Amino acid sequence: MPEWRKDPILERWVVIAAERGKRPSDFKVPREDRKGHECPLCEHREAETPAEVLAYREKESESNRPGWWVRVVSNKFPALHIEGRSDVGKQGVYQLMDGVGAHEVVIETPDHRKSLESLNEYQVGEVIRAWRDRSLDLRRDTRFKYIQVFKNYGNAAGASLEHPHSQIIATPMVPAYIMEKMGGFTEYARKTGSCILCGIIQQELRDSKRVVIEGKNFVSLTPFASRFPFETWILPREHQADYGHIREEQVGDLAFVLRSTLKKTSAALGQPPYNMVLVTAPVNLASGELVHFHWHIEIMPRLTTAAGFELGTGFYINPTPPEVAASELRGTVILCEEAFNNNIEVVEKYV
Ligand SMILES: [Zn+2]
Ligand SMILES: [Zn+2]
């Protein structure tokens with residue numbers, strides 16, 4: 001049984017999950033050697049995963065059978081378990097808790113050889129809807145205070161299965177990173193009466209030097225204090241605290257901006273491994289719904305390795321100015337959609 005342990009000095013919780021050591025991994029297996037029929041996330045292999053918690057599937061098709069286009073299942077090797085108590089225990093100076101949480105896998109397509117950005121816009125929209133629908137369902141369990149949607153792409157980014165998928169982990173406490181962001185939003189709102197990210201979006205759209213894609217409802221940009229080379233953020237243009245409140249008319253544009261940003265990143269850098277995290281307001285807070293938050297997606301290509309200085313200080317050294325990264329991404333045009341869908345690199349760059 002996994003266990004939450006709190007750092008006795010910092011507001012930082014760690015999951016001790018011994019079972020995770022047993023999970024299968026396809027590390028070191030080159031992409032082209034990996035056969036789709038060995039993959040538990042592929043269509044026709046539904047019996048190999050835990051039962052689905054959500055599936056968008058053809059009307060006549062049965063649960064846990066083929067006929068789906070997005071499928072969400074519990075993680076077979078979860079970092080956290082749904083059973084257990086969410087109250088904090090003590091061992092001397094230490095605090096700990098049962099390893100309570102939900103850990104789900106969002107299978108983004110039945111097609112093993114695709115990637116998120118090579119799916120068509122409608123299908124990317126369906127993935128976005130699956131994230132929303134699971135976020136709304138998981139919060140009905142009031143033990144959960146934060147719902148983290150994330151994606152690891154490529155071995156170096158921690159992906160242990162190559163089939164296109166993202167993950168959702170619901171946790172019984174608000175992560176320190178989110179607490180820090182909440183503090184920043186609240187403090188700015190207290191001083192100015194407005195939202196810092198709404199202000200940033202307006203300023204960036206005026207300057208445009210760090211804007212990558214300007215959609216109708218969303219904008220992608222390289223943040224002013226980017227931690228990593230080619231880090232991009234995708235933000236809703238209107239103020240919205242909670243990802244779970246994304247409206248149907250926003251979904252299509254998020255699909256367009258997300259897909260285009262990933263395509264440009266992939267084309268500019270040669271399909272780099274990356275992590276993507278959805279940063280949103282906590283749920284089930286005793287203080288009620290949070291207003292001073294502005295949800296967004298952070299995409300971090302893994303081009304550099306965090307090392308001693310970063311681990312010691314939390315300061316990042318980024319060798320690529322975000323203005324340069326944005327200009328490079330804006331100038332990367334994918335000429336041949338079809339070629340891209342087949343993983344053939346046909347790219348022309350101009351500035
Ligand atoms: Zn597969
Ligand atoms: Zn805002």
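Me: Which helix does Ser-135 lie in?

Reply: Helices are DSSP runs (H or I, at least four residues), strands likewise (E, at least two), numbered from the N terminus. Ser-135 lies in helix H1, residues 121-138. This is a predicted model: local features need pLDDT of at least 70, side-chain atom pairs count only at pLDDT 80 or more, and totals for chains, interfaces and linings use all residues. Residues are numbered from 1 along each chain as its sequence is written, while chains are lettered from A and ligands numbered from 1 in the order in which they are written.

Me: Is Ser-135 buried or exposed?

Reply: Count C-beta atoms, placed from the backbone, within 10 Å: 20 or more others is buried, 12 or fewer exposed, in between partly exposed. Ser-135 is buried because it has 23 such neighbours.

Me: Which residues does Ser-135 touch?

Reply: Contact puts two C-beta atoms, placed from the backbone, within 7 Å. Leaving out residues up to four places away in sequence, Ser-135 touches Ile-147, Val-149, Tyr-243 and Gly-244.

Me: In what order do the four strands of the open sheet run?

Reply: Strands of a sheet pair through backbone hydrogen bonds, either parallel or antiparallel. Pairing needs at least two DSSP bridges between two strands. Here the order is E2-E1-E6-E5, with antiparallel pairing. Strands E2 (13-16) and E5 (89-91) are the edges, each pairing on one side only.

Me: How many bridges join E1 to E2?

Reply: Four bridges join strand E1, residues 3-6, to E2. Lys-6 has Trp-13 in E2 as its bridge partner.
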